[in-house]
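Student: I would like to learn how to read the fold of a protein chain. Where do we begin?

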Amino acid sequence: MSTAQHRDGGCLCGAVRFSATLEHTAYGICHCKMCQRWAGGIFAAITVPKANLAWQGSEHIARIQSSDWAERGWCTQCGSGLFYRVTRNGPNDGEWEIPVGLFDNSDDLTLEREIFIDRKPNSYTICGHHQTLTEAEVIALYGSTSEGA
Ligand SMILES: [Zn+2]
Ligand SMILES: [Zn+2]
């Protein structure tokens, strides 16, 4: 019941911009420690299919292979985190996980689920009704030991 939507976004300084076509408007939050460290807080991101995203200013994108199966990218000019991306061959290979905060308009995006909920700091709770998965549940579903998104 979703329709594809075109959305633009970009980093803090504007050196990197993107155009994305969303297949749905639901996003997820990952509370794993790697996402916490990388985002400096809550990592909320929406999945964009591999072919549905075009970067402008990609010469300003740096990447780190943050695990055996994924990489993360950021703007070299301002440091904004731009994406988490699975690099290991598999069903999610190449998909972009784009931080919700990068979109010019994210008002109507909806929170679908939180993962690694048992790794969330105790000091905050995300309100509303949505799915939550523990680390063990994520591993059972996806086989990843960390760095889910
Ligand atoms: Zn920037
Ligand atoms: Zn994570």
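Tutor: Begin with contacts: two residues are in contact if their C-beta atoms, placed from the backbone, lie within 7 Å. In the protein chain, of the contacts between residues at least 6 apart in sequence, 51% join residues at least 24 apart. This is a predicted model, in which local features need pLDDT of at least 70 and side-chain atom pairs count only at pLDDT 80 or more, while totals for chains, interfaces and linings use all residues. Residues are numbered from 1 along each chain as its sequence is written, and chains are lettered from A and ligands numbered from 1 in the order in which they are written.

Student: How many helices and strands does the protein chain have?

Tutor: Helices (H or I, at least four residues) and strands (E, at least two) are DSSP runs, numbered from the N terminus. Here there are 2 helices and 11 strands.

Student: Which strands pair with β8?

Tutor: Two strands pair if DSSP finds at least two bridges between them. Strand β7 (residues 70-75) is antiparallel to β8, with 5 bridges; one of the residue pairs is Ala70 with Val86. Strand β9 (residues 96-99) is also antiparallel to β8, joined by 2 bridges, and Arg85 has Trp96 as its bridge partner. In the hairpin of β7 and β8, with 5 residues between the strands, Gly79 has a positive phi near 90 degrees.
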